[in-house]
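Hi everyone, thanks for coming. Today I'd like to walk you through one structure, so please have a look at it with me.

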Amino acid sequence: MMTKAMKKELLKINDLSIAYNTPRGKLHAVRNVNLTVHENEVVALIGESGCGKTTLCLSIVQLDEDNAQLLNGEINYYKDGEVKILTQMSERDIKIIRWQEIALMFQASQSVFNPVIKIKEHFIDTVKAHDNGYSRKAIIDKSKNLLSKMQLDADRVLNSYAHELSGGMKQRALIALSFILDPKIVIFDEPTTALDVLTQRKIIDLLRLIKEEYDFSIIIITHDLAIAAELADKVATMYAGQIVENGKTEDIFYSPSHPYSYGLINAVPKLISDKCEGDLSSIPGSPPDLIDIENKCQFSPRCNFATEECFRDEPTIIKVGESHFVACYNYKNVPPIRRDN
Amino acid sequence: MAANLIEISNLHKKFGQGKKEVWVLRGLNFSIKRKETFCIVGESGCGKTTLGRILANIESYSKGSYRFSGQEVKDLTKKDLRSFKKDVQMIHQDPFASLNPVQTIFSIIANPLKRHNITKKYNETYKEVSRILDLVGLTPVEDFLDKYPHQLSGGQKQRVSIARALTLDPSFMVVDEAVSMIDTSLRISILNSLKELQMKYNVSFFFITHDLTIANYFAKEGRIAVMYLGKIVELGETDELIYNAKHPYTKALIGAIPEADPIITKSKERFQLKEGNIPELKNIPSGCAFNTRCPWAEEPVCYDKDPLLIGSEEHQVACHVVNNN
């Protein structure tokens, strides 16, 4: 979290656009996205439902839906000084990358485990699928180690079926499973939604703990700003398929430059140190239809800062500070977030 | 007319019979005043939705008493029940599943009006439906009347649910996780609309949520009750409960909630509980049900006696350790 010196790039998404072919026409789910993930970094993607977060992450491991189409751009993965272009890989090659280099933990992970085989078989199957010569015993040992890191009773969990574990335990077992092949990047899609507060806290704390011990990067997809505030080093705000703002967590939360980030932060109530509730307000309106995209700032109809310019031309993302990027003509007018202490 | 709109005493609810018997509500005592916002917070499975359903008379209760406007709900006559149903409305958790997909928004709002003979002629109904849709912010009204639920966004659907609940001018509304399925950017506006309606129509709210942050925002002027395994463990006026929490479970919840502010959330004081999951309802520990996770649990009292919810009007706690000191 703190080591700033010489962070190497690990994953680089260049000008990526993905569309879904639908009966009504092309739905532009991801539009000209640029994003870099460095070694040992936690990046959070935030935004409303349907803004393209999940599509973007699925394309990193090339698990897009059948009707998804890559329009332009590429995703580069750097390993031992070599560049691998994930978007151009064959199915056979990408299978090696998946889980071994980049693991993806799906949303609703509660239902990921196969109900008719024991948890330990999931660990064994996963490793065997990658064929790297581990013996059954070595796999079990490693699983036990990981499970106890997640503060689970390893023997019990390995010999259980999914229905015998609580939601929080399943989630933790799944996190352990995602680390079994020492991936360099783990993508978590809504890691704590549908979990209770105390379980959620446990998962957050464990993620932080395991993060300190191993070298890997995390991409978190979440609609919950609090999760991003808890874990992320960098936050990227997505709106209508685009990354509209991208910067360090503190920059985004305290001095956002995009009106949408500003609106989101002001729409979330806080429990402690928030006695003046008058400042909270929703963002009026709803996101645009991604099938007919007009050439204008997509957020402009909902934006309090919009000027004439915003309705004429779509802004491109520009640098506004040290590793802080924003796609807005009026970013200078967005006020900082008022803090009570 | 009774001072309290709702009075609950020693309310119990069990599901199942014989060996499969499970007590999900285990002796609740509280009252809700007219115009009051009463929030109930707790983890999944603590019984908060069951309680909401009992208050809306969708579910019956097994033991104890539930009085609405001074009348025991169990003993309501058919005629009284009709006016009870008019007075008490429920907004369900999932706006995607709680609206009839083959009815237009107009029918959804108009049906209760017709059923209860509030409007008779089409013109009157049309006027009333428009007025209600306007009230919940679904404007221009003409755009919505002929639509079906699937043509609306989640937030709009939830507004239709609210509109439907308002048609009969209720005095009490049970709101079950009304914003948990709604995008963050819209939650505040839904909560604000509910608050405005309360001011205008003197409605009391029973607001169910798992999110203490939402409870704190919505019930700023009201009260919050924290529930654990079918019992209220702490009950108090909102600010008092949040800033002066006494029960270890409440303290743990407050400390555990992540805040949307990187500095505050990382420096927040945590309250550590003992390891372990929530016990199953089938085998609730004897004594205080929280003793398996409570770091303060003392021999023998916490293991022998169930603590009572006691304290002042503003703040009550069910904990031996707190109440003995």
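This is a predicted model: local features need pLDDT of at least 70, side-chain atom pairs count only at pLDDT 80 or more; totals for chains, interfaces and linings use all residues.

If sheets are new to you, here is the general idea: strands pair through backbone hydrogen bonds, and they can do so parallel or antiparallel.

Let's look at one pairing in detail. Strand β1 of chain B covers residues 4-15, and nine bridges join it to β2(B), the two running antiparallel. To find one of these on your screen, go to B:Lys14, whose bridge partner in β2(B) is B:Trp23.

Next, let's turn to how the two chains meet. In contact are 43 residues of chain A and 41 residues of chain B. For chain A and chain B, about 3,800 Å² is buried between them, with 57% of it on carbon and sulfur atoms.

How many salt bridges are there between chain A and chain B? The count is one. A:Glu230 and B:Arg270 form a salt bridge, and their closest N and O atoms are 3.9 Å apart. Across the interface there are also 13 residue pairs in polar contact.

Which elements of chain A give two or more residues to the side that touches chain B? These are α7 (197-213), α8 (225-231) and α9 (249-254). The largest share, seven residues, comes from α7(A). By residue type, that side of chain A divides into 19 nonpolar, eleven polar and 13 charged.

Two backbone details to finish. In chain B, a cis peptide bond joins B:Glu299 and B:Pro300, with omega at about -15°. You'll find B:Pro300 in the loop between α11 (262-267) and α12 (301-304) of chain B. Over in chain A, A:Asp15 has a positive phi of about 45°, although it is not a glycine. A:Asp15 sits in strand β1 of chain A, residues 9-22.

Terms used: Residues are numbered from 1 along each chain as its sequence is written. Chains are lettered from A and ligands numbered from 1 in the order in which they are written. Side-chain values use heavy atoms; hydrogens and water are left out. Contact means heavy atoms within 4.5 Å. Buried area is the accessible area (1.4 Å probe) that two parts lose on being put together, summed over both. A salt bridge is a side-chain nitrogen of Lys or Arg within 4 Å of a carboxyl oxygen of Asp or Glu. A polar contact is a pair of N or O atoms within 3.5 Å; within protein, one must be able to donate a hydrogen and the other to accept it, and residues adjacent in sequence count only if both atoms are side-chain atoms. Helices (H or I, at least four residues) and strands (E, at least two) are DSSP runs, numbered from the N terminus. Ala, Val, Leu, Ile, Met, Phe, Trp, Tyr, Cys and Pro count as nonpolar, Asp, Glu, Lys and Arg as charged, and the others, Gly among them, as polar. Two strands pair if DSSP finds at least two bridges between them.
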